[in-house]
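Hi everyone, thanks for making time this morning. I'd like to walk you through a model, so please have a look at it on the screen while I talk.

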Amino acid sequence: MRRFGLAGWTVLGLAGLYFIVPLLMTVSFSLWQGHGNYGFDAYRSLLARPNLLPSLIVSIELGLATCAAIVLLLAPAMIFMHLYAPKLRPVFEFIAALPFVVPAIALVAGLSVLFTGPDWLIGTPFYLTIPYFFLALPYAYRAIDVGIRAIDLTTLTEAGQSLGASLGQIIRMVVLPSLRPALIGSMLLSFAVVMGEFTFANVLLFHTFAVLINEVGQNAPTEAAALSTLSFLITWGAMLGVLMVGRGNAQLGGAR
Amino acid sequence: MATVEARGVSKSYQGRTVLASLDLDMGEAELICLLGPSGCGKTTLLRIIAGFITPDTGTVHVGGRDVTALPPAARKMGMVFQAYSLFPNMTALDNVRFGPRVAGQAKTEQVKRAGELLDLVGLAQHRDKYPHQMSGGQQQRVALARALAVRPDVLLLDEPLSALDAKVRLQLREEIRRIQRETKVTTVLVTHDQEEALSISDRVAVMNGGKLLQVATPSVIYRQPADAFVARFIGLAGILPGVAEGAAVRMSNGTILPADAAVAHQSGRSVEMFLRPEHVRLQRMNGHVPPGALAADVQEATFLGSLTRVRLRLPELPDHAGLWADMPSEHAADFAPGQRVTAHWHETSPHVIAVEAAQAS
Ligand SMILES: Nc1ncnc2c1ncn2[C@@H]1O[C@H](COP(=O)(O)OP(=O)(O)O)[C@@H](O)[C@H]1O
Ligand SMILES: [Mg+2]
């Protein structure tokens, strides 16, 4: 093992400070009760807000719906692309990168033009699943793509076929289980994206968790800090989940 | 355990011919190696037999049954790939019982069959390991067991050993041969390694440029190559161009060299004479070159263990023709680099091929 060296530690320390200082400040501000008093008042009044739970639930539901769309639509599409239409890869890459290129506000402007349709679609927050799918696409696409590249999808499929299995059996018994860590990773990332999305929900007047954070921030800054701390913990938990699953992934990847 | 007949099989991609109307006949329980340089169409032919590629023309029959239109899953063929083909989410045992499992066999049957096959490939104690916990050689053994678990009519292996290191490769190829003999499954093995092909095949099918040049036993391939490509591709040979003249070949400088095989060619015909290193005898030069022999300079002597291989330059021949000679290592001291020698051979040893054939390939 090579020694890390003083310069290395310095850089690491500075980077660590850069991340930790704002976080500590937020936490300490969330505990501030004015006049040098510290306590959990902000958290208490936050939890007492009647719209906290509903907005959290809406966001979680949206997150789950987006995850479902990723697994049921994106994953199969990518598997078939890899197997039967590798030439379409650039098209997929392009579409997956679009949300990075087009600002969210432009997307939402376009979307509100199309904001007509049957009530069951546009009348519920689940309408947001459509734009959220595209917002999560870059992250989910990357995660699944890495997973698919880590296994030799074509060879595995052909091996399965030569053993008499149908394509459905192969996808169910071999491909999806082998991609499990990648799929879980893509779902956690998508979930985190949805939990933090503000622009769409706000412009389209849906009351999600992120909208709530913003709203609280306008009139109760310490509560907003408390909310940020909570949502950081949720996100952090999700990331920890990704890392834990990623370890399982490394084991599967070791098959190469 | 079935015959395989490929008839008039061709395939082109974007107008480029990859297989040109090719015929291959295999007997029951036969092991044939498809041998040829990279890109000559071996994999394409194997995948046509397996059903992963549809040929442009031609048919494939297995056990007399036309399977050309059948998808791979319906062909009862076991396939072993170069590497990375084990299902990463399954243990060795689950990999091997995959075929019986999708065929709807009872679980106890599946496990019993898979256990027997893991025994056969010598991995009984590794049945609960995942692919990433096994070495490359072990993974290929599992892949072989998995392919055999469906009791295939035909076993197809595409360079199954090429990703392994030399020692494991050697072991495993013997084992493939043993298992093939035990299970008596008709087998096609693709390789670009001639030693591998010669050592385990019943017959070797030498391919080049999308054509089968020769299908014959290893010893015939080695001793009587059908054309100049096969002669050059298989083993090492000194090649002396000349003109057929009765039971001899006349070199461009007028030297007449004995070669019984030349009688098969019209006198005056341009031919190439092929000499294997084991047929060339050397003597230290003692003033004159006897008739039927060639003067040569030792360029290099390579110690190969029991044998030493001597590379010779033939200064009297204008085109820098080369020749090799093998000799027991204990005699090699006489033939150090720079030594002038005479090379000769028994008149039945050389193989003679007409030059048109050489140019055609
Ligand atoms: N799908 C394909 N499209 C275009 N060319 C191909 C395709 N598959 C194979 N080829 C070409 O066909 C030739 C034979 O390929 P292959 O059968 O894989 O050779 P080998 O296995 O003997 O190395 C190669 O030149 C290869 O580039
Ligand atoms: Mg090949």
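I'll begin with chain A as a whole and then move to a helix and some strands in chain B.

Before anything else, please keep in mind that this is a predicted model.

So, chain A. How many helices and strands does chain A have? The count is twelve helices and zero strands. If you read along the sequence, the pattern is simply α-α-α-α-α-α-α-α-α-α-α-α. In overall dimensions, the C-alpha trace of chain A spans about 75 × 65 × 30 Å along its principal axes.

Now the surface and the inside. Chain A has 256 residues, and 39% of them count as buried. Its accessible surface is about 14,000 Å², and carbon and sulfur atoms contribute 73% of that. As for charges, chain A carries 12 positive and 10 negative ones, and their mean positions lie 16 Å apart. What about contacts along the chain? Taking contacts in chain A with a separation of 6 or more, 76% are between residues 24 or more positions apart.

Let's switch to chain B and look at helix α5, residues 136-148. From first C-alpha to last, α5(B) reaches 18 Å over its 13 residues, close to the 18 Å expected at 1.5 Å a residue.

Is α5(B) mostly covered or mostly open? It is mostly covered, with twelve of its 13 residues buried.

My last stop is strand β1 of chain B, residues 4-13. Strand β1(B) runs antiparallel to β4(B), residues 57-62, and five bridges join the two. For an example, click on B:Ser10, whose bridge partner in β4(B) is B:Thr57.

Strand β1(B) also pairs with β2(B), residues 16-26, again antiparallel, through seven bridges. Here you can look at B:Lys11, which has B:Leu19 as its bridge partner in β2(B).

Which residue in the hairpin of β1(B) and β2(B) takes a positive phi? That is B:Gln14, with a phi near 45°, in a hairpin that has two residues between the strands.

Key:
Residues numbered from 1 in each chain as written. Chains lettered and ligands numbered in written order. Predicted model: local features only at pLDDT ≥ 70, side-chain atom pairs only at ≥ 80, totals over all residues. Heavy atoms only, no water. Helix = DSSP H or I, 4+ residues; strand = E, 2+ residues; numbered from the N terminus. Buried < 20%, exposed > 50% of the residue type's maximum accessible area, 1.4 Å probe, protein only. Contact = heavy atoms within 4.5 Å. Areas by Shrake-Rupley, 256 points an atom, 1.4 Å probe, with all protein chains shown as cover. Lys, Arg positive; Asp, Glu negative; His and termini not counted. Charge placed at Lys NZ, Arg CZ, Asp CG, Glu CD. Expected span 1.5 Å × (residues − 1). Pairing = 2+ DSSP bridges.
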